[in-house]
Amino acid sequence: MYAEALRERFPELDPAVDDLFLLEAHQIGQLRDRAPRQELAIVLDLHPELLRFFVTRCPAIEPFLLQLLDERQASEGDIALAEDALVWEIADLIVYQRAPALYDEKAPRRWTRAALAEVEPLAGKMVVDSGAGTGHVTFLVAPLAATVFAVEPVAALRAYMRDSAREQGLDNVFVVDGFLDALPFPADSADALLTHRAIGWDLASELVEIERVLRPGGIALHLAGMPHPAEVDAPLHEELLSWGYEERPYEDGGTLNRKYFKQI
Ligand SMILES: C[S@@+](CC[C@H](N)C(=O)[O-])C[C@H]1O[C@@H](n2cnc3c(N)ncnc32)[C@H](O)[C@@H]1O
């Protein structure tokens with residue numbers, strides 16, 4: 001589903017099976033939904049050390065991987081093709097680990113002043129940017145807000161953001177480890193929580209967690225990943241509306257984007 005788009009976006013990446021040893025536990029957990037099954041089985045069959053690594057780092061994935069291997073027919077599939085298909089399908093996870101600067105250069109940047117107008121004025125406000133990546137939203141918001149907490153589960157991306165904040169002389173940016181459904185903040189503590197292409201791994205738990213962390217009157221604003229209308233985002237769209245979010249489409253550079261807004 002993603003391989004073709006990722007090949008186009010990162011032609012210089014040259015991902016390989018070795019890169020799979022860079023994945024973190026939560027990324028290995030995503031293989032269940034994201035990896036092509038037959039290709040993953042072929043690669044694991046050929047590389048038992050990779051199977052051991054995945055299971056050691058993310059024990060919950062073991063039953064799924066063993067079932068895949070059980071289902072695999074010994075004679076099926078070309079190995080080089082399977083390796084290529086597997087690593088490209090999850091090449092975004094590999095880019096985060098191996099090449100944050102490349103990701104930063106190539107990632108879509110749809111959060112703009114137009115989208116931000118919703119949350120201004122941010123002066124004196126505590127803002128959370130969850131799934132911050134390389135800090136696209138964080139660094140847009142930092143000059144406006146009192147403090148920005150950039151929440152990001154991938155260690156390599158956190159290190160990249162810390163270096164960027166230092167280079168830009170920003171002392172109100174705090175980069176922290178966490179997930180959208182497990183934010184490292186007390187209840188009622190944030191004035192605004194923003195996401196850009198970073199919601200929907202476990203939407204119901206994430207929306208509960210956002211409302212725990214936002215103070216009464218605080219706002220949540222999500223910029224979905226896909227241009228509007230996008231089939232891929234349709235379930236996310238319906239669920240956000242059913243949770244009381246308003247959709248506010250806006251145009252930017254000829255692209256119609258979706259922005260979802262809720263005041264607590
Ligand atoms: C598509 S990227 C978007 C990054 C950034 N917001 C941007 O606009 O460039 C998704 C980000 O969410 C992070 N992520 C993955 N799982 C997450 C989770 N459960 N909670 C929060 N962030 C997550 C990824 O590591 C990645 O940095």
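Partly exposed, as used in these legends, means a relative accessible area between the buried limit of under 20% and the exposed limit of over 50%. The model shown in every view is predicted.

**View 1. Asp188 and Arg197, two non-glycine residues with positive phi.** Let's begin with the loop between β3 (173–176) and β4 (190–196), where Asp188 sits. Asp188 is not a glycine, yet its phi is positive, at about 55°. Because its relative accessibility is 49%, Asp188 counts as partly exposed.

**View 2. His222, a buried residue of strand β5.** Strand β5 spans residues 214–223 and includes His222. His222 counts as buried because its relative accessibility is 0%, and buried means under 20%. Look for the polar contact of 2.8 Å that joins the side chains of His222 and Thr195. Setting aside neighbours within four places in sequence, the residues in contact with His222 include Trp111, Leu193, Ile199, Tyr245, Arg258 and Tyr260.

View 3. A polar side-chain atom of His196 is 2.3 Å from an oxygen atom of the ligand. At Gly131, a polar backbone atom lies 2.7 Å from a nitrogen atom of the ligand. Tyr103 places a polar side-chain atom 3.5 Å from a ligand oxygen atom. On its own the ligand has 590 Å² of accessible area, and the protein covers 93% of that.

**View 4. Helix α5 and what covers its buried residues.** Helix α5 runs through residues 48–57, and its buried residues are Leu50, Leu51, Phe53, Phe54 and Val55. Their cover includes α2 (25–29), α3 (31–34), α4 (37–46) and α6 (62–71).

**View 5. Domain 1 and domain 2.** To finish, here are the two parts that the domain assignment gives for the chain: domain 1 covers 3–98 and domain 2 covers 113–263. Taken over C-alpha atoms, the centres of domain 1 and domain 2 are 29 Å apart. Where the domains meet, seven residues of domain 1 are in contact with eight residues of domain 2.

Key. Residues numbered from 1 in each chain as written. Predicted model: local features only at pLDDT ≥ 70, side-chain atom pairs only at ≥ 80, totals over all residues. Heavy atoms only, no water. Buried < 20%, exposed > 50% of the residue type's maximum accessible area, 1.4 Å probe, protein only. Helix = DSSP H or I, 4+ residues; strand = E, 2+ residues; numbered from the N terminus. Contact = heavy atoms within 4.5 Å. Polar contact = N/O pair within 3.5 Å; in protein donor to acceptor, adjacent residues only side chain to side chain. Areas by Shrake-Rupley, 256 points an atom, 1.4 Å probe, with all protein chains shown as cover. Domains from an automatic or database assignment.
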